[in-house]
Amino acid sequence: MELDFVLSKEEKGPAGKTKLIYDLVIIGGGPAGMTAVVYAARKKINTLLISKDLGGQVLWTTEVENYMGYQYIEGSQLMNKFKEQVRQFPIDQEIGEEIEKLDKEEKTFSLLTRTGKKFRAKTVVIASRKRSRPLNVPGEKRLIGRRVSYCSICDAPFFEGKEVAVIGAGNSAFEAALDLVKIASKIYLVDIAATWKADPILVEQIEKEKKKVTFFPAHRIKEIEGKGKLEGITIENLNRKETKHLSVEGEKDYGIIFFGIPGGYEFNSLVSSIIDVSRGAADLSPESKDKIGKINKPLHIQVFVTLTCPYCPGAVQMAHKLALESEYITSDMVESAEFPHLTNKYRVMGVPKVIINEKFGFEGALPESAFLDEVIKASR
Ligand SMILES: Cc1cc2nc3c(=O)[nH]c(=O)nc-3n(C[C@H](O)[C@H](O)[C@H](O)COP(=O)(O)OP(=O)(O)OC[C@H]3O[C@@H](n4cnc5c(N)ncnc54)[C@H](O)[C@@H]3O)c2cc1C
């Protein structure tokens with residue numbers, strides 16, 4: 001079979017046809033792969049970079065604080081700097097390609113991508129990452145880089161004064177807990193195993209920190225929760241089948257937003273929301289709290305207001321209280337004059353006008369129970 005290789009350096013094939021071969025193929029365009037490119041290119045090594053993306057895992061994080069020369073830099077910004085450095089060199093690149101097969105032939109390697117492209121190289125650098133093992137529980141993927149972390153050395157400083165859960169029972173988990181013990185306010189060590197598997201020396205060190213560390217052996221993680229950022233985890237006792245919520249990380253995003261400056265009458269809703277958010281609780285009736293607890297689908301409430309409307313703050317405060325109470329509800333105040341495209345889109349003729357999940361909700365200021373009933377109707 002004649003292989004259609006994509007190559008750059010000449011080599012005579014058996015049939016007298018010209019075949020080409022790279023000195024070096026680098027697999028992976030994360031920090032390691034891009035660094036390898038720079039070193040190879042500076043030595044004028046005939047190089048090809050093949051990667052699914054350019055930037056790697058660093059693109060998943062918002063904050064990097066341990067890269068020398070930058071006190072703080074966003075992951076994507078740092079990777080843009082890496083890319084600029086790579087771009088200086090005229091090396092071949094196949095970005096968006098994934099290597100599916102790598103074979104050693106006599107003196108060369110053959111590489112096959114998922115889309116069927118074939119390459120050959122004298123040397124291959126594999127920089128395709130050490131993969132962290134996910135828990136595969138609901139919420140995990142969504143909150144990676146939003147305080148769900150797989151690297152305590154990288155991220156421990158972000159948890160200063162916070163409550164942190166470390167999942168695992170072996171050496172890595174215990175080392176992570178030791179990294180965190182001087183920084184976090186509390187550590188929960190959770191694992192499905194009934195006994196700890198870490199080396200005795202690590203177990204001894206952690207036991208000295210008993211005041212700060214709470215152990216949850218024989219527990220599994222059921223869910224990782226948080227709207228914009230990690231807020232808590234639900235764990236289940238494997239013997240008793242009881243679940244428990246652990247509030248971790250501490251900062252909570254209640255999903256409350258003011259679109260437009262809340263001046264005029266709307267100053268009231270701003271102040272009242274600041275008070276509610278700082279208390280972390282909304283003064284709703286027990287009946288309303290019961291009904292809200294049964295909501296299990298995302299609901300986005302938009303309250304359109306004008307600054308001269310005396311009835312609008314009541315509607316805004318009510319929507320924000322619901323968002324404060326429920327994990328599933330987010331709430332926006334929208335100042336109609338400042339967002340005419342939204343006002344037109346939702347045909348706002350009178351205020352307050354409440355839109356729920358992009359559809360018409362209702363118009364006018366309603367008392368708590370009637371407001372909540374309308375929201376619940378929209379959730380069906
Ligand atoms: C959320 C998060 C936050 C982090 N924060 C920090 C931090 O603050 N400080 C810090 O020092 N570290 C941090 N890290 C760790 C850091 O991102 C990694 O250590 C670093 O990215 C490893 O670089 P790498 O090039 O080895 O691998 P990666 O960055 O994983 O890059 C691997 C590359 O290989 C490609 N690839 C994989 N398989 C194939 C294939 N078959 N074919 C082609 N291409 C392939 C991938 O697409 C990717 O481009 C963080 C990691 C995460 C996930």
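Q: How does the radius of gyration of the protein chain stand against that of a compact globule of 380 residues?
A: The protein chain has a radius of gyration of 28 Å, whereas a compact globule of 380 residues would have one near 21 Å. The model is a predicted one. Along the principal axes, the C-alpha atoms of the protein chain fill a box of roughly 85 × 60 × 45 Å.

Q: How many helices and strands does the protein chain have?
A: There are 10 helices and 19 strands in the protein chain.

Q: What share of the residues of the protein chain counts as buried?
A: A residue is buried if 20 or more other C-beta atoms lie within 10 Å of its own. Of the 380 residues, 32% count as buried.

Q: How should I read the contacts in the protein chain by separation, and what share comes from residues 24 or more positions apart?
A: Take the contacts with a separation of 6 or more; residues 24 or more positions apart account for 60% of these in the protein chain.

Q: Which residues does Met34 touch, not counting residues up to four places away in sequence?
A: With those sequence neighbours left out, Met34 touches Gly29, Phe82 and Val86. As for Trp60, 26 residues from Met34 along the chain, the C-alpha atoms of the two are separated by 17 Å.

Q: Now the ligand. Which of the 30 residues around the ligand come nearest?
A: Gly28, Gly30, Ala32, Gly56 and Arg129 come nearest among the 30 residues around the ligand. The elements that give two or more residues to this shell are β3 (22-29), α1, β4 (47-54) and α3 (152-155). The largest share comes from β4, with 4 residues.

Q: What is the make-up by class of the shell around the ligand?
A: The shell holds 13 nonpolar, 12 polar and 5 charged residues.

Q: How do I read a sheet, taking the one with β9, β10 and β11: what is the strand order?
A: Read the order across the sheet, then the sense of pairing. Here an open sheet of 3 strands runs β9-β10-β11, and the pairing is parallel. β9 (163-167) and β11 (213-216) stand at the edges with a single partner strand each, so one side of each is left without a neighbour in the sheet. On average, neighbouring strands of this sheet are turned by 20° against each other, direction ignored. Helix α4 (residues 171-181) packs on the sheet and touches β9, β10 and β11, and its direction makes about 165° with that of β9.

Q: How many bridges join β10 to β11, and how many join β9 and β10?
A: Strand β10 (residues 186-190) is joined to β11 by 4 bridges, and β9 and β10 pair in the parallel sense over 5 bridges.

Q: How many residues of β10 are buried?
A: β10 is mostly covered, with 4 of its 5 residues buried.

Q: And the sheet with β12, β13 and β14: is the pairing parallel or antiparallel?
A: The pairing is antiparallel in this open sheet of 3 strands, which has the order β12-β13-β14. The edge strands are β12 (219-225) and β14 (243-247), each with a single partner strand, so one side of each is left without a neighbour in the sheet. Direction ignored, neighbouring strands of this sheet are turned by 25° against each other on average.

Q: How many residues lie between β12 and β13 in their hairpin, and how many between β13 and β14?
A: The hairpin of β12 and β13 has 6 residues between the strands, and Gly226 in the turn has a positive phi of about 155°. The hairpin of β13 and β14 has 5 residues between the strands, and Lys241 in the turn has a positive phi of about 60°.

Q: Which residue is the bridge partner of Arg220 in β13?
A: Arg220 is partnered by Glu236 in β13, and β12 and β13 pair over 6 bridges. Glu236 also stands opposite Thr243 in β14. Strand β13 (residues 232-237) is joined to β14 by 5 bridges, and Thr234 has His245 as its bridge partner in β14.

Terms used: Residues numbered from 1 in each chain as written. Predicted model: local features only at pLDDT ≥ 70, side-chain atom pairs only at ≥ 80, totals over all residues. Contact = placed C-beta atoms within 7 Å. Pairing = 2+ DSSP bridges. Axes fitted to C-alpha atoms, helices over the stretch in contact; angles between N-to-C directions. Rg over C-alpha atoms; globule rule 2.2 N^0.38 Å. Buried ≥ 20, exposed ≤ 12 C-beta atoms within 10 Å, placed from the backbone. Near = placed C-beta within 6 Å. Nonpolar A, V, L, I, M, F, W, Y, C, P; charged D, E, K, R; others polar.
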